[in-house]
Amino acid sequence: MNLFDIWMLSVALAMDCFTVSIASGVIQGRREWPVILRIAFLFGLFQAMMPFFGWLATNYFAHYIEAYDHWVAFGLLAFLGGKMIYESFQPEEQHFFNPRKLRTQLLLAVATSIDALAVGISFAVTGYSSMSLLLEPLVWIGLASFFFSVFGHLLGLRFGEAVRRRIRPELLGGIILILIGVKILLTHISIFSSFYLSE
């Protein structure tokens, strides 16, 4: 991969973080930089580490990862999204989904980054044979996810009041998370269907 390819890949992987960060900003409602930066840091960290784990594990159990990673991502996002939709109809003090909580941030970071495992597998089979070669794309992936998360959060905060007047933020956020999970699932299934049909 050349540098342009790495940039494009980094931006593509950051899109789920961007979308979830917008929803988090809408729900959060006010600018709290420690929260925004922690979410962005965790998103960037996990998006960079998942390809590393995929690359590391390729020689041992890549086929197991490929078989289940999309189901894990879908399950986590569907669970979080379903909880958010349910809680959007409950009194605020009963809400589980809170973007200020570390537990919620970690769950979102893991769920949005699991599909990046496959990217690590592709690195392993396209010539990235050492950690020194892998370092540059991982850094770009992490930075892109960090900056898109910050930008998405600020967008959510900027337009959150208008959204809040028209729809429950948790309801919108829950729908977004479930749609991301469905997208991951369908993308993975279609890729593997195409692969097996070409055999």
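Buried means under 20% relative accessible area, exposed means over 50%, and partly exposed is the range in between, with a 1.4 Å probe and protein chains only. Keep those cut-offs at hand for the stops below.

This is a predicted model: local features need pLDDT of at least 70, side-chain atom pairs count only at pLDDT 80 or more, and totals for chains, interfaces and linings use all residues. Residues are numbered from 1 along each chain as its sequence is written, and side-chain values use heavy atoms, with hydrogens and water left out.

**Whole chain**

Start with a cartoon view. The protein chain has six helices and zero strands. From the N terminus on, the order of elements is α-α-α-α-α-α. Helices (H or I, at least four residues) and strands (E, at least two) are DSSP runs, numbered from the N terminus. Of the 199 residues, 45% count as buried.

Now show the surface. Its accessible area comes to about 10,400 Å², and 70% of that belongs to carbon and sulfur atoms. The areas come from the Shrake-Rupley method with a 1.4 Å probe; for residues, only the protein chains shown count as cover.

**The core**

Select Phe43, Phe123, Leu134 and Leu177. In the largest nonpolar core, which has 34 residues, these four touch the most other members. Such a core is a set of buried Ala, Val, Leu, Ile, Met, Phe, Trp, Tyr and Cys residues joined through side-chain atoms within 4.5 Å. Two or more residues come from each of α1 (3-28), α2 (33-87), α3 (102-113), α4 (117-125), α5 and α6 (169-198). Helix α2 gives the largest share, 11 residues.

**Serine 21 and histidine 153**

Select serine 21 in helix α1. Its relative accessible area is 0%, so serine 21 is buried. Leaving out residues up to four places away in sequence, serine 21 touches Ile39, Phe43, Ser149, Gly152 and His153.

Move to histidine 153, in helix α5 (residues 131-166). Buried or exposed, at 1% relative accessibility? Histidine 153 counts as buried. With the sequence neighbours up to four places away left out, histidine 153 touches Ser21, Ile22, Ser24, Gly25, Gln28, Ile36 and Ile39.

**Salt bridges**

A salt bridge is a side-chain nitrogen of Lys or Arg within 4 Å of a carboxyl oxygen of Asp or Glu. The count by this rule is three.

Select aspartate 16 and lysine 183. Their closest N and O atoms are 2.9 Å apart. This pair links distant parts of the chain, with aspartate 16 in helix α1 and lysine 183 in helix α6, 167 residues apart. Aspartate 16 is buried at 6% relative accessible area. Lysine 183, at 41%, is partly exposed.

Next, select Arg30, Glu32 and Arg100, which are linked in a network of salt bridges. Between arginine 30 and glutamate 32, the closest N and O atoms are 3.9 Å apart. Arginine 30 is exposed at 52%, and glutamate 32 is buried at 19%. Between arginine 100 and glutamate 32, the closest N and O atoms are 2.6 Å apart. Arginine 100 lies in the loop between α2 and α3 and glutamate 32 in the loop between α1 and α2, so the pair ties together parts that are 68 residues apart in sequence. Arginine 100 is partly exposed at 25%.

**Aromatic pairs**

Rings of Phe, Tyr and Trp (its six-membered ring) pair if their centres lie within 6.5 Å; planes under 30 degrees apart count as stacked, over 60 as edge-to-face and the rest as tilted. By this rule there are six aromatic pairs.

Select phenylalanine 52 and phenylalanine 53. The ring centres are 5.8 Å apart and the planes stand at 50°, so this pair is tilted. Phenylalanine 52 is buried at 17%; phenylalanine 53 is partly exposed at 40%. Then take phenylalanine 146 and phenylalanine 147: centres 5.2 Å apart, planes at 85°, so edge-to-face. Finally, Phe18, Phe148 and Phe151 form one aromatic cluster.

**Last stop: a nonpolar patch**

A nonpolar patch of about 1,100 Å² includes Leu3, Trp7, Met131, Trp140 and Phe147. Helices α1 and α5 each give two or more residues to this patch. Patches are made of residues with over 30% relative accessible area and no salt bridge: like charges are joined within 9 Å, nonpolar side chains (Val, Leu, Ile, Met, Phe, Trp, Tyr) within 5 Å.

How values were computed:
Contact means heavy atoms within 4.5 Å.
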